[in-house]
Amino acid sequence: MNRPIGRGQGRIVAMLGPTNTGKTHYAVERMLGHATGMMGFPLRLLAREIYDRVVAMRGARAVALLTGEEKILPENPAYYICTVESMPVAEPVDFVAVDEIQLAADPQRGHVFTDRLLRARGREETVFLGSDTIRPIVARLLPEAVILGRPRLSALRYVKPRKLSRLPPRSAVIAYSAEDVYALAELLRRRRGGAAVVMGALSPRTRNAQVALYQNGDVDYLVATDAIGMGLNMDIDHVAFAALSKFDGRHLRPLEAAEIAQVAGRAGRHMNDGTFSTIAGVDGVALDAGTIARVEEHRFPPLGSIRWRNAALDFRSLARLIASLEMAAPRREFVRVHGATDLAALKALAADPDIARLATTPAAIRRLWEVCQIPDFRKLGDADHHALLRRIHLQLSAAAGVIDADWIAREVSRLDNVQGDIDSLAARIARIRVWTYVANRRDWLRDPAHWAAVTRAVEDRLSDALHERLTQRFVDQRTSLLLRELRQKGDLSVSIEEGNEIVVEGHAIGRVEGFSFHPDIAALGEEHRKLTAAAEAALAQEVARRARIFLNIGHQTLELDLSGGLGRPRLVWQGAAIAEIVKGGSPLAPRVRLCAGHLLGDADAARVETRCAAWLEARLEDKLGPLRALARVLADTGRGGDEGAPALSGLARGIAFRLVENYGILRRSEVARELRELDADARRALRRFKVRIGATALYMPALLKPHAVELRLMLWALEGGHDDLPAIPKPGLVWIGTEPGAPREFYDLAGFRPIGKDEAVRLDMLERLADAVRPLGQEGAEFAATPEIMGLVGCSGDSFLRTMRAIGYDHRMVAVPARSKAEEDEGAAEGEAGAATTADGSAEATPEAAPETAPETAPEATSEMVEEPRFFWSPQRPRPARKRPAVAKGAARRKTGKRARKPAATCAARTAKPATGKRSRTTEVDTDSPFAKLAALREALARKPS
C-alpha cells in the first residue's frame with residue numbers, strides 16, 4: 001500500500017453523512033482558516049463553482065483552478081481548487097480535503113479516490129467528505145482518523161408520483177441519457193413554459209448559464225442527469241425520477257438506493273424540506289417501500305470494498321508498466337480496477353509496432369502513459385479514441401518533441417463553428433475538450449498558454465451557442481417573462497384588444513373566443529392556468545356581457561358545426577364553439593355540454609347550456625319531426641293517436657321500430673317478408689307517419705332533405721362512436737362516387753343507395769326511376785331507356801345498367817342502327833333537362849303519372865349498327881344456363897324431383913295474376929309491387945265510363 005504524500009501528517013477527519021448537511025461549506029471554511037489549502041472535487045462543474053466562491057472571498061491571485069481541461073494558476077496561489085484527478089498531491093499545503101470520498105467504490109474512477117484517501121495529506125489537517133456508507137472502510141484503513149457525522153439540515157420525504165404536466169414548481173426531473181433529457185425538457189416546454197438543462201457533458205460555461213436560468217426564476221423546472229447529485233447547490237424543492245436505471249459504461253443496471261438518495265438529496269436546501277418521487281405513468285419506474293424507507297432514513301448498506309490501482313508505476317518497459325498497473329490488490333478491502341479506459345488504450349497502443357518502436361525509454365513510456373490518460377470526451381468508440389491518441393503520441397514523438405502548431409490549428413479551426421443544432425454543438429464541444437485538455441499540458445506545445453486561450457475561446461463560443469440553442473428549444477421566453485413579472489408584481493395588467501386578442505403586460509398571450517380563453521401555445525399547463533387566472537379579472541365582465549347577449553337574442557344565431565367530424569358536433573356562436581353535442585339517453589335525443597375551459601359563472605353557464613339544449617331540440621323537431629313523432633308513439637303505447645285512425649300494431653309496429661332504429665331509412669329487402677303480410681290498414685297506419693313504402697326502401701321523404709340528412713348522420717355517428725367518415729354528399733347531387741371501406745349505413749342515411757363499383761344513386765331519384773320504367777316493363781316486355789329516363793339518376797353507360805339492376809331490371813344488348821347527329825343532340829338536351837329538374841335538392845317529389853313512351857320513328861337510313869341495352873323485369877339476377885342433354889320434360893321432372901323452372905317473365909306475370917287449377921294456392925298480393933299497382937290501374941280504367 002502506498003505511503004501518504006506530504007511533509008507531515010496532521011489531524012485527519014472524515015465528515016460523513018447524507019446530502020444537505022453542510023459538509024462542503026464546512027470544508028471550505030476550514031480551508032480558509034489555514035494559510036494554504038487544497039480541495040478535490042468529483043466534477044469539473046463543482047470545482048468551478050467552489051473556485052468562484054473562494055475567489056469572491058480571497059481574490060483571484062490567491063486561488064488556482066486545476067482540472068483536466070482548465071488551468072488557472074497564479075504565480076503564488078494559496079489555495080488550489082481541483083478535480084480529484086488533477087490534485088497536485090505532492091504540493092505541500094496546510095489543509096487538504098477530498099469531496100464525495102465514497103466514489104472510491106466507482107468501477108471507473110474509484111482508484112483515484114482511493115489513492116487520495118491513502119496518500120493525500122495536509123500538514124495540519126486533512127478532511128474527507130462523503131456518504132456514511134464508507135465509514136467502515138475509513139475506520140479500517142485510517143484508524144487514526146476522527147469520524148464525524150452530521151445530520152441533514154432538512155427533512156427528505158417521499159410523495160405520491162405525479163405526471164410530468166403536474167409537477168410542482170422548482171422541480172428537478174432526472175434522466176440518464178441525453179436523449180431522455182432533451183425529450184423531457186421538450187415536454188416541459190410545451191406544458192409548463194420551459195426547463196433548464198444540466199448534464200455532466202456540458203461545458204462549465206453552458207452549465208452555469210443553464211443553472212442561472214433556473215436560479216433566476218426564468219423557468220421553474222430543471223431536467224438533469226445525476227450530475228446534480230455531486231454537490232451542485234440549487235433551490236430545488238422536489239426531485240422526480242424519470243428512470244431508475246443507468247448505463248455505467250458497460251451495461252444498463254438498476255440504481256442502488258444510495259445513488260437514488262444522492263440525487264434525491266438535492267431537494268430541500270438548508271432548512272427547507274424536500275420531496276422526491278418518480279414520474280407517474282412511466283412503465284417500470286416505481287420505487288418500492290424498502291428503497292423509499294432507506295432514502296428517507298438515510299440507511300444504506302456499508303461499502304464492502306473500494307477500487308484500487310498501484311500508484312508506484314514501473315516505466316522501464318511497456319510490459320513492466322502494464323504489469324505494475326495490473327498488480328494485485330494488497331488488502332481485502334481493495335478490488336483491482338478492471339476495464340479502465342486508460343489501461344485499455346495503453347494495451348492497444350503497445351500492440352502497435354510504430355508505437356512500441358518509439359516507447360523504449362522510461363521518458364518515452366511515461367509520455368505514452370500520459371497520452372493514454374486523455375479522457376474519451378467524444379464517446380465515439382474505443383477504436384476511434386485509440387486512433388486519436390496514436391496521432392497525438394506520434395506528434396509528441398517527432399523530432400520537435402511537441403505537437404505541430406499547424407496540425408492542432410487545423411483540428412481546432414474545424415471545430416470553431418457555432419452553426420447547427422444542439423447535437424452538433426454538443427459534439428463539437430466534446431471534441432474541443434480534447435484539445436483543451438491537450439493545451440493544458442505545458443510540455444506538449446511550444447506555446448501552451450496561447451493554445452489554452454485559443455481552445456478556451458472556441459469552447460466558450462460553442463458553449464454560448466449551445467446555451468442559446470437549449471434556451472430557444474426548451475424555454476418559452478414569453479411565458480417565462482410573464483411568470484417572473486407575476487411573481488414580482490402579484491398581478492398583471494390585462495386588456496382585450498381588437499380581434500378579441502388578450503394582451504398581458506404588453507404581450508399577446510391568446511384570444512377570447514365565445515366564452516373561453518384560448519392561449520396561443522399548444523398545451524395548457526399550470527403556468528398557462530396562472531396566466532388565465534391573471535386575465536380573469538378583465539375577462540369576467542366581458543364574458544358576462546356576452547352571456548347576456550346570447551341569452552337575449554344571440555342564441556338565435558347558433559349554428560351546427562361538423563368540421564371536427566360527424567361524431568364530434570359542436571354548437572358555434574359568433575364563429576366560436578361554445579358547446580359540444582354528446583350522446584344522450586336515446587339515439588334521437590342527444591345532450592348539450594358547454595365546452596371545457598369556459599369562463600362563465602355557474603348561473604350563467606347553466607342558463608347558456610339550457611338555451612343551447614332548447615335550440616338543438618327545436619332544430620331536431622323541425623328537421624326530423626316525422627321520425628321523432630313515430631319514436632314517441634312507439635315509446636308511448638304504439639297506437640295511432642288520432643281517434644278512428646288505424647292502429648300502429650303487430651307487424652306494422654315492428655317495421656316502425658326497425659325504421660326508427662335505422663334513423664328513418666330501411667332497405668325493403670330487410671323487411672320483405674313482413675311487408676308481404678301487411679294488410680291495407682297496417683299500410684295506412686305507416687303512411688299516416690309520412691312513411692313511404694318504395695320499390696327499394698321504406699323511408700320518410702322529408703328526412704332526405706339536406707339538413708335532415710346532416711342531423712341523422714350526426715345522431716348515428718354519436719350513438720355508434722363512428723369516426724373517420726366520408727364527407728356528406730353535396731345537396732343536389734343525384735349520383736356520387738363512394739369511398740371504399742366506408743360503412744354502408746353512411747350512404748343509406750345520406751339518402752343514397754350504393755349500386756356497386758364505388759357508386760351510389762340518390763334514393764328518391766332511384767324511386768322516381770322505378771316509377772318511370774314500371775309501365776314500360778309490364779308482363780316481361782323489353783324496353784329501351786330514353787335520355788330523359790337516364791337523366792333522372794344523372795348517369796349512363798355501365799353506371800346506369802347497375803342502377804337498373806338495383807331496382808330489379810336486367811338487360812340484354814341488341815344491335816340497332818346508329819342515331820343521327822340531330823337525334824343525339826336532341827336526346828342530350830332532353831337528358832340535361834331531366835337532370836336539371838332533379839338538382840334542386842328536393843327529395844319528396846314523385847311524378848304524378850308515368851311518362852308516356854314516345855312513338856317510334858323510322859331512323860334515317862344508315863349502314864352503321866350499334867348495341868343498345870333492352871331492359872326487362874328480373875328481380876333476381878339470372879343464373880348462367882348450363883348445357884344439358886335434351887330430355888323430355890317429364891323425364892327431367894322425374895330425374896330432379898322438382899318442377900321445371902318457368903321463364904322469368906312468366907314468373908313475374910304470375911305475381912300479378914293468380915294461376916288457376918286444382919294445384920293453385922291463394923296468396924295475399926303485395927299491393928306495393930309494380931304489377932299489383934298496374935293491375936289496380938287497369939281495374940280503375942275499366943270501371944271508368946267511356
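Analyst: Let's begin with a term. A crossing of two helices is left-handed if the near helix is turned anticlockwise from the far one by less than a right angle, and right-handed if clockwise. The crossing of α1 and α2 is right-handed. Helices here are DSSP runs (H or I, at least four residues), and strands are too (E, at least two), numbered from the N terminus.

User: Where does the model come from?

Analyst: This is a predicted model, where local features need pLDDT of at least 70, side-chain atom pairs count only at pLDDT 80 or more, and totals for chains, interfaces and linings use all residues. Residues are numbered from 1 along each chain as its sequence is written, and side-chain values use heavy atoms, with hydrogens and water left out.

User: How many helices and strands does the protein chain have?

Analyst: The protein chain has 32 helices and 34 strands. Of its 946 residues, 48% are buried. Buried means under 20% relative accessible area, exposed means over 50%, and partly exposed is in between (1.4 Å probe, protein chains only).

User: What about contacts in the chain?

Analyst: Contact means heavy atoms within 4.5 Å. Take the contacts in the protein chain with a separation of 6 or more: residues 24 or more positions apart account for 70% of them.

User: Back to α1 and α2. At what angle do they pack?

Analyst: Helix α1 (residues 23-32) and helix α2 (residues 44-58) pack at about 40°, and their axes are 12 Å apart. That makes α1 oblique to α2. Angles under 35 degrees count as roughly parallel, over 145 as roughly antiparallel, 65 to 115 as roughly perpendicular, and the rest as oblique. The axes are lines fitted to C-alpha atoms, for helices over the stretch in contact, and angles run from 0 to 180 degrees between N-to-C directions.

User: Which residues meet there?

Analyst: From α1, T24, H25, V28, E29, M31 and L32 take part, and they meet I50, R53, V54, M57 and R58 in α2. By class, this contact of α1 with α2 has six nonpolar, two polar and three charged residues. Ala, Val, Leu, Ile, Met, Phe, Trp, Tyr, Cys and Pro count as nonpolar, Asp, Glu, Lys and Arg as charged, and the others, Gly among them, as polar.

User: What about α19 and α24?

Analyst: Helix α19 (residues 602-623) and helix α24 (residues 706-720) pack at about 120°, with axes 9 Å apart. They are therefore oblique to each other. Their crossing is left-handed. R619, L620 and K623 of α19 make the contact with H707, A708, E710, L711 and L715 of α24. Four of the residues in the contact of α19 with α24 are nonpolar, one is polar and three are charged.

User: New topic. What span should α13 have?

Analyst: Helix α13 (residues 382-396) has 15 residues, so at 1.5 Å a residue it should span 21 Å. Its end C-alpha atoms are 21 Å apart, which agrees. The expected span is 1.5 Å times one less than the number of residues.

User: Which residues of α13 are buried?

Analyst: H385, H386, L388, L389, I392, H393, Q395 and L396 are the buried ones. They pack against α10 (341-350), α11 (353-358), α12 (362-372), α14 (405-415) and α15 (422-439).

User: Last one. Which phi does E100 have?

Analyst: Phi of E100 is near 55°, a positive value in a residue other than glycine. E100 lies in the loop between β6 (95-98) and α3 (110-119). E100 is buried, with a relative accessible area of 7%.

User: What about K757?

Analyst: K757 has a positive phi of about 55° although it is not a glycine. K757 lies in the loop between β31 (752-756) and β32 (759-762). At 66% relative accessibility, K757 counts as exposed.
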